[in-house]
Amino acid sequence: MDKFTNSAWFMRIVAFALAALLFISINFEMESDKKSLGLSTAPEISTETIENVPVEVYYDRENLVVSGVPETVDVTLKGAKSLLINAKNQRDFKVYVDLSDPAISMGDRTVTFKISDLNEKLVATIDPEYAEVNVQERVTKEFSVEAEYNSSLLEEGYTAGQPTVSPQTVKITGAKDAIEQISYVKANLEISKGLNETVNSKATVKALDRDLNKLDVTIEPSSVAVSLKVSIPSKTVSIAPKQTGKAKDGIRITSISVDPKEVTLFGSETSLEKIDEINLPVNISKIDGDTELELDLNKPDSVQKMSLGKAQVKIRTEKVDVDEENAEPVVEEEEPETEQKQEEQVVEEKPEPEEEDEPAAIESKTFNDIQIVPVGIRDDQDAELESDVTSITLLGEADDLKKITKDDINLTVDVSNLDEGTHDVDLAVTVPEGVEWELDSKTVSVTITQKDEET
């Protein structure tokens, strides 16, 4: 045995066995390491496309504007499947365009997309590969805002004034060539069909070129407050009671009066021009004595609405004999004759100077630029009148009118109960006794705003 173990062949066999074991051991350890890294001796190669990957743009945002870079691109990755799955789920890589060079030139240029933070064992392909971009100087300019609305959406008969905007100007920032293309800066007020009241709302501001195409710019503020005063023409006419039917036997109608005597009609100007009074039919066939009735006023078809729908009617009567009632026409004919004779007698005796001057005694006098004073303003509010002066016409006897000056006329508007916004408020008029007054408009538009809190 000792002879065999000391032989050269024994030593060769043992050396070969040890070498084989060492080789197997090393290969086993390498395979274990590869598996722990997610690798194999023959990894499975796959491709995966990730869509809508955001694109970042690096440039001097304070002084430049870059346009033409797409917001997203598609990225196709190729490599080991386990790495692809991780990259797709994590999305920890970035696609970007680098225009941060301070010496970059203005104008059009072609730039390629780049990718960062991607596993180096993956190969990426970006679609599209490049973009045509435009680099311009960043410019900020101030523009006036014009409000607009669709007037066809107003309810029939209603009219709207010129919309007011607050603030009246905005600052627009963008590429120099885009700023130079701005022809209109508009705030479109969205209203619904059948609008019949004043609107106070917000409207988004848009910058448009001369062909009304929207420009890619930044607007500050992006929206403005728009107020649109909506009203309807009105006309005040008298209510005229009209007898219908025949009075009962033994009953004579001595008078019919109506309260109120006037009603305000609202509608288009052309419709109101044709109406001078509203007839109120009063059926006397069932009247037995003095009566008070509440009757409906008939609204003309051409009128949009009326200030009231009913009126009180007072009917005064007297009882008469049937024979006297039949003789009534003769009595009525004698009364005008008696009045006429009395007038003739007065003329024959001596015309009174007062009667001769009476037609000229009632005159009118117009005062312009009378100040309207708001009263009742709360400490935390400001009140702004659309117009703080107006004209007033006084009617009265000539001698009385001569004594009246502007100081004798007071026009006030009570704003004590008004909330923030625009309101139509009735004017309160104080004039000397014995004269009547007329105004072109009995209301004034008042805008209430909150005062800024002091800091």
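Good morning. I begin with Gln-243, which counts as partly exposed at a relative accessibility of 48%. The model I am presenting is a predicted one. Gln-243 has its place in strand E18, which covers residues 234-244. Leaving out residues up to four places away in sequence, Gln-243 touches Ile-253, Ile-256, Val-282 and Ile-284.

Let me turn to another glutamine, Gln-381, in strand E26, residues 381-385. Is Gln-381 buried or exposed? Gln-381 has a relative accessible area of 3%, and because the limit for buried is under 20%, Gln-381 is buried. Its side chain makes a polar contact of 3.3 Å with the side chain of Gln-450. Apart from neighbours within four places in sequence, the residues in contact with Gln-381 are Leu-418, Glu-420, Ile-448, Thr-449, Gln-450 and Lys-451.

An open sheet with mixed pairing is formed by 5 strands, in the order E9-E13-E14-E16-E11. Strand E9 (146-148) and strand E11 (164-166) stand at its edges; each has a single partner strand, so one side of each is left without a neighbour in the sheet. On average, neighbouring strands of this sheet are turned by 40° against each other, direction ignored.

Which strand is joined to E11 by 3 bridges? The partner is strand E16, residues 223-228, and the two run antiparallel. Within E16, Ala-225 is the bridge partner of Ser-166. In general, strands of a sheet pair through backbone hydrogen bonds, either parallel or antiparallel. Thank you.

Conventions:
Residues are numbered from 1 along each chain as its sequence is written. This is a predicted model: local features need pLDDT of at least 70, side-chain atom pairs count only at pLDDT 80 or more; totals for chains, interfaces and linings use all residues. Side-chain values use heavy atoms; hydrogens and water are left out. Two strands pair if DSSP finds at least two bridges between them. Helices (H or I, at least four residues) and strands (E, at least two) are DSSP runs, numbered from the N terminus. Axes are lines fitted to C-alpha atoms, for helices over the stretch in contact, and angles run from 0 to 180 degrees between N-to-C directions. Buried means under 20% relative accessible area, exposed over 50%, partly exposed in between (1.4 Å probe, protein chains only). Contact means heavy atoms within 4.5 Å. A polar contact is a pair of N or O atoms within 3.5 Å; within protein, one must be able to donate a hydrogen and the other to accept it, and residues adjacent in sequence count only if both atoms are side-chain atoms.
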